[in-house]
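Okay, thanks for coming, everyone. Let me put the model up on the screen, and then I'll walk you through it.

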Amino acid sequence: MQKIHTKIVRKLLRGTAWMLAAAMLMISAASCHSGEKPASDEPAKVLDSREEASLKAFLVSFVKRYPVSSDGKWEYDCSSAAGAEVNIMACLVTPASCADWTLYSDKTEEECFFEKSDDPKRWAEETYVYFRYDAGTVDFIAREIFNLTQETIESLTQRGEREGMFYRQEDSYYTVRDDTQESFSEVTLLSEAAVGNRYQVEFEADTLLRTDENDELLHISGRCRAELSLKSVDGREYWSLYSFKAGKM
């Protein structure tokens, strides 16, 4: 498989340069777990156009937010998430979530934002703003959408608090990280192969991914592969991710 290509684009997060970079990406893109239990015992079906559209939307939400590790790897595996450098829970408990919250919650982003510093652990005394997320919704996304075990959820939550990324208090998760700068991504589906009750999906990603250092953007383009299932939960269908990898397979 084609090797993933990356390039640092410096100081594009604000102003006209940022908007031009985003426009250039959109123009070029136009041309161009093993979990605890299976989603279903039924074999994966042939996807119809509606399901393909929802799959593409799910992948766009994921790749435009999920970060590259410090050693340049862009990958996720639910079976090893507890020890991975990228804390997937920190990617959910943030305004820049790698999951589309509108699919899992009726709350708007504005309802999670607070302009005061009275969060329980007082992390927002200097920032004066914080974000609060319903723990039940976060845990649902972690468990059903990213196939984390409860043990892994608890381990990553403890790590997130130690590293000052987020914390859990009673029925809510809190963070003061304001990762609101937008990223952009285009996904082109190449193939979907049904294997048992899951799908092996190959796709082309072209993404301007926000980095945490030096106000930079990481431009990533190339082939990716993901293993997913179309999971039915409480009468609704959701795409559920087991693994993702970019570059040479």
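Let's start with two phenylalanines: Phe 203 is buried, and Phe 244 is buried as well, where buried means under 20% relative accessible area, exposed over 50%, and partly exposed in between, with a 1.4 Å probe and protein chains only. Before I go on, this is a predicted model, so local features need pLDDT of at least 70 and side-chain atom pairs count only at pLDDT 80 or more, while totals for chains, interfaces and linings use all residues. Residues are numbered from 1 along each chain as its sequence is written, and side-chain values use heavy atoms, with hydrogens and water left out.

Now, the rings. A search of the whole structure turns up 20 aromatic pairs; rings of Phe, Tyr and Trp (its six-membered ring) pair if their centres lie within 6.5 Å, and planes under 30 degrees apart count as stacked, over 60 as edge-to-face and the rest as tilted. Take Tyr 167 and Tyr 174: the centres are 5.1 Å apart and the planes sit at 15 degrees, so that pair is stacked. Tyr 167 is buried at a relative accessible area of 0%, and Tyr 174 counts as buried at 8%.

Back to our phenylalanines: Phe 203 and Phe 244 are also stacked, at 6.3 Å centre to centre with 25 degrees between the planes. Phe 203 lies in strand 8 (residues 198–210) and Phe 244 in strand 10, so the pair ties together parts that are 41 residues apart in sequence. Helices (H or I, at least four residues) and strands (E, at least two) are DSSP runs here, numbered from the N terminus. Both phenylalanines belong to one aromatic cluster, together with Phe 58, Phe 62, Tyr 66, Trp 74, Tyr 76 and Phe 146.

What sits over the ring of Tyr 242? That's the charged end of Arg 198, 3.6 Å from the ring centre. Lys 121 lies over the face of Tyr 167, at 5.5 Å from the centre. The criterion is NZ of Lys or CZ of Arg within 6 Å of the ring centre and within 35 degrees of the ring normal.

On to strand 10. 8 of its 11 residues are buried, so strand 10 is largely enclosed by the rest of the structure. How many bridges join strand 9 to strand 10? There are 10, and the two strands run antiparallel; for the record, two strands pair if DSSP finds at least two bridges between them. Ser 229 stands opposite Ser 240, and Val 233 stands opposite Arg 236. The two strands form a hairpin with 2 residues between them, and Asp 234 in the turn has a positive phi of about 55 degrees. Strand 9 (residues 216–233) has 13 of 18 residues buried, so that strand is largely enclosed too. Strand 10 also takes 3 bridges from strand 2 (residues 75–77), again antiparallel, with Glu 75 partnered to Lys 245.

Last stop, helix 2 (residues 49–63). Its 15 residues reach 21 Å from first C-alpha to last, close to the 21 Å expected, which is 1.5 Å times one less than the number of residues. Among its buried residues are Leu 55, Phe 58, Leu 59 and Phe 62.

And the whole chain? We have 4 helices and 10 strands, and 47% of the 249 residues count as buried.
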